[in-house]
Amino acid sequence: MKSFERLVVEQIPRLRRYARALTGDREPADDLVQETLTRAMSRRHLWIRDKEIRPWLFTIMHNLYVNEIEKRARTPVLIAAEEDDTRLVAKGHADGGVILRDLERALKELSEEQREVVLLVGLEQLSYKETARILGIPSGTVMSRLSRGRERLRELMSGKNGVGLRRIK
Amino acid sequence: MSEKSKAISEDELQACVDARLEGPRHDRVAAAVASDPELAQRAEQLRRLTDAMHAAYDSVLDEPVPPEMLRTVINRGQAPFLRLAAVVAWMTIGGVIGGLIVSSTGPTTEVVAERPLPREAAYAHAVYVPEVRHPVEVGADERAHLNAWLSKRLAATVVAPDVREAGYQLVGGRLLPDAGRPAAQFMYEDAEGARITLYVRGHGETTRDTALRHAEDGNISVVYWLDGSLAYALAGSVERSRLETIAEDMYRALNP
């Protein structure tokens, strides 16, 4: 039997991957993970031991993310004028950079709600039921957000420059 | 749209691509996709989208975990069983490791004792747990006295950890001989009257905390660890994982 701490540590890479895709940038993503871990540790007594830890952690992250979005909506922030694309190039994949930028732009076009569903199912490979539980929405809503989100991504990625989806085998 | 693609809903197609369909439902959708070029193309696009996400973001999985994140989990957990060495081991298994973390590891220490601690604890457990009239010398109603008395005899701060949250009430404690030196036993009971005992004794030269260890003696499971100048062994006829959870609670209660 693994300890709670170990179970949490094992999930860090996946929490970071999801946060990176969700926020589109390393720093806010890691801040989100950091906050998630802090909250998870302070609420460890709320975790039911026999339940899988991953959905539990993702639920915490989702709630923090939603709070953050709401907070940002209330306080307008200044956004840097120039965008530095190079900082986000993924390593280890020949097409990683191109795909990342295309996909990142496309993901940004989605609503927060669609983006979360598309990433939890597609990237994190969570089941529809788990996704519904994490986001606190009915399964039917997961399905409709998923198909609308994916359709939108497909349009954005094949429409803009024709590169995105065709480059990968 | 052909007849076949009409029979397959968008949700079913997605579920098929996401590998969320089973049995006849999966077979039906898979057959329709195989025989309908239009469906096949849509399925392929969905698949490519998922591939694109992995191509774009999977590299994050290989990035070293920032030490700050590990510290958040491990320091807050306050568990001695989670030395960095252990963490590095898990991360290595997962193929994720940060250079910074490796350099800060130290060896963990084995329990140093005259007689094996888990055995001693299991014996004491077996002897006193069935006791109906005199399970303990000093009851939980005299908790302060119990702690003070045992601390004095063991020449260390000995405290019965509070694990009511885990469902165990303190029954009380007693003083025991252990290779000619004083040791202590605290007894706890759950709502059904099932008992677990925490055996405490001083240990020699080493003051290093250790990982949580486990031993079996007959049907008695023992989880033990070192913490400062004391060695602890929690014994009970309960599942190992359950016992480990209680042991972690005890450690935390003793190291607030």
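The structure is a predicted model, so local features need pLDDT of at least 70 and side-chain atom pairs count only at pLDDT 80 or more, while totals for chains, interfaces and linings use all residues. Residues are numbered from 1 along each chain as its sequence is written, chains are lettered from A in the order in which they are written, and side-chain values use heavy atoms, leaving out hydrogens and water.

At the interface, 45 residues of chain B are in contact with 53 residues of chain A, contact meaning heavy atoms within 4.5 Å. The buried area is about 4400 Å², with 66% given by carbon and sulfur atoms; this is the accessible area (1.4 Å probe) that the two parts lose on being put together, summed over both.

Seven salt bridges are counted between chain B and chain A, each a side-chain nitrogen of Lys or Arg within 4 Å of a carboxyl oxygen of Asp or Glu. One salt bridge joins E5(A) to R252(B), at 3.3 Å from N to O. A network of salt bridges links R14(A), R17(A), R54(A), E124(A) and D58(B).

Within chain A, R6(A) and E10(A) also meet in a salt bridge (3.3 Å, N to O). These two residues are four apart in helix α1 (residues 4–23), and therefore about one helical turn separates them; helices are DSSP runs (H or I, at least four residues), numbered from the N terminus. R6(A) is partly exposed at 22% relative accessible area, as is E10(A) at 28%, where partly exposed lies between buried (under 20%) and exposed (over 50%), with a 1.4 Å probe and protein chains only.
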